[in-house]
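Please look over the sequence and structure below before reading the points.

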Amino acid sequence: MRLLAAAAGFIVLVQAAAQQDVALKDLMPKGMVIGVAINQRQFDGTDTAGVALITKQFNQISPENALKFQPTQPAADRYTFEAADRYVQFGVERHMQVVGHNLVWHSQTGAWVFEGAEGKPADRDTLLARMRDHIRTVVGRYKGKIHGWDVVNEAIDEDGSLRKSPWQVGIGDDYVAKAFEFAHDADPDAELYYNDFNLEKPAKRAGVIKLVKDLQARKLRIDGIGNQAHWRLDTPTIEEIDGALVELHGTGLKVMYTELDINLLQNIARGADPATANPYANGLPDDVQQQLTRRYADVFGVFVKHRDAVTRVTFWGLSDADSWLNRGRMNYPLLWDRQRQPKPAFNAVVDVLRSAK
Ligand code: G3I
């Protein structure tokens, strides 16, 4: 009996060692890249373990923050590209597909952008000029190095209408079209994407499809729809993910999962009791680990089933230690743990990709 247990233990060790050598990028269906959003410590090379893992596993990168409006243009007359240059160089050196995120968003954009004279809001022409200047300068700088851009991020509200963002209020509904026009002018070879979340919600998805069809009707270049995929263990359902994918691909555009993670913690009210607020502070229970493993296997099952439509899957962060979903708590939304060791979910994804080969 003890011999059997030892043998079983040995097999698990061998499997884990074997899985360690596997790289997701070598297992992806043809035409589908696998990537990760990286932070400053990674593209600066400070996080050496992270850099080794990123280089081994992925063939695409996205900037978690380095290429957003605020970090690249903190003031009207000041651009700061040091960090962004290092991010792009990190990917170019590794022959990775380098993506830009994002040019026009209602968040992480300096208040100065929307301010006009005498404390009034900036008018349409002023705001259009600032948007054009930013896009021309940023996209122009990385021409030929950045494969594709999230041109506009999160412009649609949950009911499918245009979000009343400062861009929409200041310029009007055509601000999205203007952004795509300016981006194409700045780099005619770059792919251009619209990026948003909760696309499994019918009303929101209908709003996104209306937006991209408007761009197509205006004969503006748009190559793909980015589905952020900030999901949970049981929402959206696999049927909802599958159905949304098919409908989005019905626009004729590429479908990409651009910010994938599986949030294991409930949203909490301020001042909530720590025990309920941070239930996994001392580690993840096995049953939840198994649920996460099944969830990732099911999700990747949909991606490989629709390999004709899905061209990219990007995780929003490398490991549980790097995830934005921690926010002072202990979350476990990704495939690698805080020691950068592969989790059972990683092995499950490997098995799905292998069985799809
Ligand atoms: O860089 C400053 C630093 O100088 C300062 O000391 C520190 C303390 O406040 O803040 C740092 O900026 C933080 C930045 O991340 C870089 O770490 C911002 O406060 C913080 O708000 C920002 O959070 C980012 C968030 O977008 C902002 O909305 C997250 O890292 C990033 O993961 C998250 O990513 C977004 C996608 O862009 C769009 N989709 C949703 C996704 C999650 O919110």
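Contact here means heavy atoms within 4.5 Å. The model is predicted. By the contact criterion, and leaving aside neighbours within four places in sequence, F300 touches I34, L260, V313, F315, V349, V352 and L353.

**Nonpolar core**
- The largest nonpolar core has 107 residues, of which L24, W149, Y296 and F300 touch the most other members.
- Helix α12 (residues 286-305) supplies nine residues, the largest share of this core.
- In soluble globular proteins, nonpolar side chains tend to be buried together.

**Ligand site**
- The ligand is surrounded by 14 residues, with E64, K68, H101, E259 and W316 the closest.
- Three residues of the shell around the ligand are nonpolar, seven are polar and four are charged.
- The side chain of K68 places an N or O atom 2.7 Å from an oxygen atom of the ligand.
- For H101, a polar side-chain atom is 2.8 Å from an oxygen atom of the ligand, and for N65 the corresponding distance is 2.9 Å.
- On its own the ligand has 790 Å² of accessible area, and the protein covers 45% of this.

**R205**
- R205 is in helix α9 (residues 202-217).
- R205 counts as buried because its relative accessibility is 9%, and the cut-off for buried is under 20%.
- The side chains of R205 and E247 are joined by a polar contact of 3.0 Å.
- Apart from neighbours within four places in sequence, R205 is in contact with L199, E200, A244, E247 and L248.

Terms used:
Residues are numbered from 1 along each chain as its sequence is written. This is a predicted model: local features need pLDDT of at least 70, side-chain atom pairs count only at pLDDT 80 or more; totals for chains, interfaces and linings use all residues. Side-chain values use heavy atoms; hydrogens and water are left out. A residue is near a molecule or strand if one of its heavy atoms lies within 4 Å of it. A polar contact is a pair of N or O atoms within 3.5 Å; within protein, one must be able to donate a hydrogen and the other to accept it, and residues adjacent in sequence count only if both atoms are side-chain atoms. Accessible areas come from the Shrake-Rupley method with a 1.4 Å probe; for residues, only the protein chains shown count as cover. Ala, Val, Leu, Ile, Met, Phe, Trp, Tyr, Cys and Pro count as nonpolar, Asp, Glu, Lys and Arg as charged, and the others, Gly among them, as polar. A nonpolar core is a set of buried Ala, Val, Leu, Ile, Met, Phe, Trp, Tyr and Cys residues joined through side-chain atoms within 4.5 Å. Buried means under 20% relative accessible area, exposed over 50%, partly exposed in between (1.4 Å probe, protein chains only). Helices (H or I, at least four residues) and strands (E, at least two) are DSSP runs, numbered from the N terminus.
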